[in-house]
Amino acid sequence: MSREARITLLVLVALVAGAAVAFGAPHVLSDYFVRIILLIALNAILVLALSLSNGFTGVFSLGHVGFIGAGAYISGILSIPVQQKMALLPHLPTFLHAFSLPFLPATLVAGLLTALLAVVVGYPLMRLSGYFVSVATMGFLIIVNVVLINASDFTRGARTFTGVPLETTLPWVMGWLAITVFVLARLVYSPFGRAMKAVRDDTIAASAVGIGVLRTRLIAFVIGAFFSGVGGSLYAHYLGSFSPNTFYFALTMSLITMLVLGGMGSLTGAVVGVICVSLLSEVLRSVERGFTIGDFAVPALFGASQIVLGFIFILVMIFRPKGIMGDRELTFGLTQRSATVNQTEERKR
Amino acid sequence: MTQLDYILQQIVNAVSLGSLYALVAVGLSIVFGVLKLTNFAHGDVMMVGAFGVALLVGIGVPFPVAVICGIAAAAVAGFLIERIAYRPIRDAPDVARLLTSLAVTYIIENVGILVFTSSPRNFPLPDILNTSWEMSNGAITFTSINLLTIALTFVSLLLLGWFITRTTTGLGMRAAAEDMSAAHLVGLNVNRLIIVAFIVASAYAGLAGILWAAQAGVVQPQMGFTPLLKAFVAAIIGGFGSIAGALVGGYILGALEIFIVAFLPSSVSSYRDAIVFAVLIAFLLVRPGGLLQPNREIKL
C-alpha cells in the first residue's frame, strides 16, 4: 500500500472510530462515562488550540483561557432565547435583544470574534519571547477577567451567567474535535508548520532564511484563538451557567498540565495528555471523597487531587521535560515512507 | 475636609500600599536577578509567613516572637522550594521554570486549603498596632500599622542595601546576577549564593505577608496571589532583577492604584486592575528593561 493510501486509511479509521464513539457511546455507556468522554474531547479541542502557539511556535501563552472565556460569553449572549434575554440581561444593546442564534452559528461567530480579538492582542504581543510573552499574555488573561466582571450589562458581572441552552452533545464535540485535528494536522505538517517549528527552534536562523517571525507567530496565535473561542462556546453550552472565574487561573493550570504532560510538539501527544490527566483526576476525585480499607477509614481530602496533579507536573518537568510523546506522533507506523524511499533519501544525503 | 487634605490622605495611602508592593517586588527581583526565574511561589511564601504568625499567636505566643518565627518559617519555606523544585531544573528554559513555579504555587495553595480551608481567618493584631491616628482635625487618618509598614520597609531595605554592597556574600550575589558562570569561574560557591538569595527573598516575602495580613485583618491560603501579581507589575515597571527598580516600581504602582480609585469616576476605577496590567503589557512592549534598565536588549 502506498503511503498516501495508508494515511487515507488512518484518517478513515479515525473518523469511523470517532463517529462510532460519538453516536454509539450514549447507547452503550452510562451517562457518567459519556460525560467523561465528552469532557475529554472538549478539553482536547482546548489543548490542541493551545498547542499551536505554545508547543509548535514556541510562544508560551498563559492567556488562551481569556480567549476561551471570551468565546463562552460571546456565544452565550448570542444564543440565550429572546424571551429570557430581557429578564437576564436587561441592559443589552437593543439589537442584541432582538434575536438569538442557534448553536452552530453562535459558535462560529464566537470563534471568529475571538480570532479578531487575537489579531488585536497578538499584533503587539507576538514581538515578545520567552517569559516576556508568558507574563504579557497572563496580563491579558487578567484584563479579560476584569472586563468580564465589570461589563455587567453584557455578562451579569461577577454573578453567574445563566440561561445558555444545553446543546453540547457528544456528536457536536466529536465533530468539532475532528475539524480541529484536521485543520491543525494540515497546518502543522505543511511548509507553514515547518516555518512555525523553525521560529520556535531558532528565531534568528528562521528570520535569516526569510521566514517572517511575527507573521508566523501571529497566524499560529490567531488560529489557536479561533479554536479556543469555539471550545469556549462548546463549554458554555455544556455548562449552561458559569461566571468569570470559571475561565481563570485554575482552568489555565489544568490545560497547561495536559499540554506539558502529553508533549508540546505533538498533536496526538496533546490528546494523550488530555486523556491521562482527565482519567487520573476522575480517579483521584473519587479517592478524595474518602474510602475505607478494612477497618481503616481514609477521610475525605478535598483538593488532594489538585496537589497530586501539581506534583506530577513538577516530576514531568524534572524527569521528562518533553512530556510523554515529545515531538513524536502516535501513528501506528502507517505514515512512514517505505524502506526503498528512505534508502534513496539516505543516499542523497 | 479640604481638597488638600483629601490629596494628602491619598498620598499617605499610596505610600503605605507602595511600601508593601516594594517589599514583595524586592524579593521577586532578588530571585530573578540571580536565577532569571519568575517565581510565582513567592506569594505563597508570604502566605506561610502570615499563617505562621496567626497560628502561633493563636496558641499564646507573644506577637513579636510570632512575627520573628513567621519570617523564619517563610525563609525555610523558600529554602525548601528551591531545594526540591527549582534546583533540579535550574538549566531548563525560562518558560519551563516559570511553569514549575506555577505548579509549586498550585500545590502550596491547595495544601493550604486542605489544611486550613479556604475561608478567611482573623489575623490577631495587638491593639497598639490597631489604633488610628488623626491629623488636621480628622481629615487625614492612618493606623499604626500603616506607619509601621512604611518604617519597616525603609529599615529593611536599608539593611538589604548594606547587605548587597558591603558584605562578601552580598557582593557575590550581585556577581552571580551579573554572570553566573563567571562567578563560578572565579571560585564563588554559586549554589550557596542561590540558597542565600532564596532565604533573603523569602524572609522579605514573610515580612510582607505579615504586614499585608495585618492591613487586611485576615489570612487565607490564596492571599498571596494578588499581591504577587501586583508585585510582578511593580518589578517590571522598575526593571526586573534590579532592587532599586523594585522599590521605584512598588511606589509607582501603589500611587497609580490609589490615584485611579481616588481621582477617577467609579465607572473607570472599577477597571483598576485592567489598567494596571495594561501598563505592565505596555512596559513589556516599549521598555522591557523597566525604568531603571533602559538599555537592556529584548530578544526576539
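**Interface between chains A and B**

The contact between the chains takes 35 residues from chain A and 34 residues from chain B, two residues being in contact if their C-beta atoms, placed from the backbone, lie within 7 Å. On the side of chain A that touches chain B, α7 (130–150), α13 (249–262) and α15 (304–319) of chain A each supply at least two residues; helices (H or I, at least four residues) and strands (E, at least two) are DSSP runs, numbered from the N terminus. The largest share of that side, twelve residues, comes from α7(A). Its residues divide into 25 nonpolar, nine polar and one charged, where Ala, Val, Leu, Ile, Met, Phe, Trp, Tyr, Cys and Pro count as nonpolar, Asp, Glu, Lys and Arg as charged, and the others, Gly among them, as polar.

**Model and confidence**

- This is a predicted model, in which local features need pLDDT of at least 70 and side-chain atom pairs count only at pLDDT 80 or more, while totals for chains, interfaces and linings use all residues.
- Residues are numbered from 1 along each chain as its sequence is written, and chains are lettered from A and ligands numbered from 1 in the order in which they are written.
- Chain A averages a pLDDT of 88, and 91% of the residues score at least 70; pLDDT is the predictor's confidence in each residue, from 0 to 100.
- Among the elements of chain A, helix α12 (residues 213–239) has the highest mean pLDDT (96) and helix α16 (residues 339–348) the lowest (54).

**Nonpolar core**

- In the largest nonpolar core, of 198 residues, Ile45(A), Val24(B), Ala50(B) and Ala197(B) touch the most other members; such a core is a set of buried Ala, Val, Leu, Ile, Met, Phe, Trp, Tyr and Cys residues joined through C-beta atoms within 7 Å.
- A residue is buried if 20 or more other C-beta atoms lie within 10 Å of its own, exposed if 12 or fewer, and partly exposed in between.
- Leaving aside its neighbours within four places in sequence, Ala197(B) is in contact with Ile30(B), Val31(B), Val34(B) and Met173(B).

**Helices α2 and α4 of chain B**

- Helix α2 (residues 42–58) and helix α4 (residues 94–116) of chain B pack with their axes 9 Å apart, at an angle of about 30 degrees.
- Gly43(B), Asp44(B), Met47(B) and Phe51(B) in α2(B) meet Thr105(B), Ile108(B), Glu109(B), Gly112(B) and Phe116(B) in α4(B).
- By class, this contact has four nonpolar, three polar and two charged residues.

**Phe79(B)**

- Phe79(B), found in helix α3 (residues 63–86) of chain B, counts as partly exposed because it has 15 C-beta neighbours inside 10 Å.

Definitions and conventions: Axes fitted to C-alpha atoms, helices over the stretch in contact; angles between N-to-C directions.
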